[in-house]
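Hello,

I am passing on a structure that I have been going through, and I would be glad if you took a look. My notes on what turned up come after it.

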Amino acid sequence: MISYSEIESLITDYRFQDLKYRQEKTNIFTIVGQTHTEHWHSSFMSWLFDAHSSLRLGHFPLARLLNYYMIKKPDCGFNLRDIYKWKLDDVKFCTEKDATYKGKKRSIDVYGESDELIVVIENKVNARENYNHSKQGQTMDYYNYVEANKKPGQKALYFFITADQKQNAYADMYVQISYQEMYDRIISKCIGHPQVPEDGKYLLEQYAANLRETIHNSNTPMALVNIPLCKELYNDYSGLLDGLFNAVEKADDLKSSSDPACMVYEHYQSIFDEIYLSVEEQYGRTPNARLQRQVVSFTELYKRGAVTDGMVFSMTYDGERYYARAVLADNKRDCYFQVLDENGNPFMESGTGRILGVYENSSSAGVDVINMRRQKKGIKERVKTLRGTTYWTNEEGMSIRDLMDRY
């Protein structure tokens, strides 16, 4: 059982109190009741990427966006030298750009244009892509409109920014960027920029605080914005936080428990939850599974070029060796993680020959194959969580986490 002195040491740590302060600080989006309204997020992006906005960081945010586009789409046809040559200050942004094409009424969420570039951003917070009773989605309609109307010499770049990392645009030419990636790659860099003015930094921090809110009808925050601080705390108090997680997870009734770990968790639940969500290699979820961190699907990794069809993975757990591979679906768009038996063959359903063990991500796959082998060996204890991104490695020794970071 965790002692009171151990708990006291953690909750009085200045970093724990700093995290508590950040959570309790009210943000303007919550005050006006516009936490996850798509139009507000689109307006923010238009302001963020406009080189002449009150943020006064010039084209720095837009350059970061284009740089990340290049990373996620290696065959994009341009490089860093091109980005540096483009006159990014000339790109003018607006929201709800009319994109009516062949009688079909459409409007682009965020639209930027200069003589050299067109930036198209489809922004999805709660909704799915709108097909408007047609066989192709709205992203293809925007593409058709832009390609039909762009001027000679203009290069069009298409972005699909979403709160749901598993949601992809219908049109393949769009690069998917999650709100977590938006924060990690762009917003946090602007907050830390030495030339950001105080009023601009304040607005960025307010927006970041709003991203901590969960998406409507979801148990997933749009983005985690205090990851470095949470990881610092976990690294220094890992034993205590592991013990607390286990105690809370096993508790039958949190409110009536006399365990100090359960009592302190109940009082500081939102703070502990953010720590557990932020250390994805260890947890990525809360003890009661009320919240969980978004996981990147294999389809997204395939689109990035991080994994290829047939790429083989293996992991060692409890001294046992496990195998899996990436498999491309018949539609040549979706990619999955398929676990294999000890001989490297797919698992088959007896009597039907149906292939089993196909997953969207590596963590749930790892849990199932470990527990299946434990059951086979008569081991009663079951694994509940596994950070598959760090356990599974390819033949070059790179973990899935390494591949995610590289691409």
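Before the first residue, a word on terms: buried means under 20% relative accessible area, exposed means over 50%, and partly exposed lies in between (1.4 Å probe, protein chains only). Please keep in mind that this is a predicted model, in which local features need pLDDT of at least 70 and side-chain atom pairs count only at pLDDT 80 or more, while totals for chains, interfaces and linings use all residues. Residues are numbered from 1 along each chain as its sequence is written, and side-chain values use heavy atoms, with hydrogens and water left out. Helices (H or I, at least four residues) and strands (E, at least two) are DSSP runs, numbered from the N terminus.

Let me start with Asn-123, which sits in strand β3 (residues 117–124). Asn-123 counts as buried because its relative accessibility is 0%. Its side chain makes a polar contact with the side chain of Ser-42, at 3.1 Å. (A polar contact is a pair of N or O atoms within 3.5 Å; within protein, one must be able to donate a hydrogen and the other to accept it, and residues adjacent in sequence count only if both atoms are side-chain atoms.) Leaving aside residues up to four places away in sequence, Asn-123 touches Glu-38, His-41, Ser-42, Met-45, Asp-109, Ile-161 and Tyr-179, where contact means heavy atoms within 4.5 Å.

Gln-154 lies in the loop between α7 (138–149) and β4 (155–162). With a relative accessible area of 6%, Gln-154 is buried too. A polar atom of its side chain lies 2.7 Å from the backbone oxygen of Ser-114, and the backbone nitrogen of Lys-151 lies 2.6 Å from a polar atom of the Gln-154 side chain.

Now to the helix pairs. Helix α4 (residues 38–49) packs with helix α8 (residues 179–191) at an angle of about 40°, their axes 13 Å apart. Axes are lines fitted to C-alpha atoms, for helices over the stretch in contact, and angles run from 0 to 180 degrees between N-to-C directions. That makes α4 oblique to α8; angles under 35 degrees count as roughly parallel, over 145 as roughly antiparallel, 65 to 115 as roughly perpendicular and the rest as oblique. On the α4 side the contact is made by His-41, Phe-44, Met-45, Leu-48 and Phe-49, and on the α8 side by Tyr-179, Met-182, Ile-186, Ile-187 and Cys-190. By class, this contact has 9 nonpolar, 1 polar and no charged residues. Here Ala, Val, Leu, Ile, Met, Phe, Trp, Tyr, Cys and Pro count as nonpolar, Asp, Glu, Lys and Arg as charged, and the others, Gly among them, as polar.

The axes of α10 (residues 227–236) and α11 (residues 238–250) come within 5 Å and cross at roughly 95°, so these two helices are roughly perpendicular to each other. Leu-233, Tyr-234, Asn-235 and Asp-236 of α10 meet Ser-238, Leu-241 and Asp-242 of α11.

How many residues of α13 (residues 269–278) are buried? The count is 9 of its 10, making α13 mostly covered. These buried residues pack against α1 (4–11), α2 (14–24), α10, α11 and α12 (260–267).

Enjoy exploring it!

Best wishes
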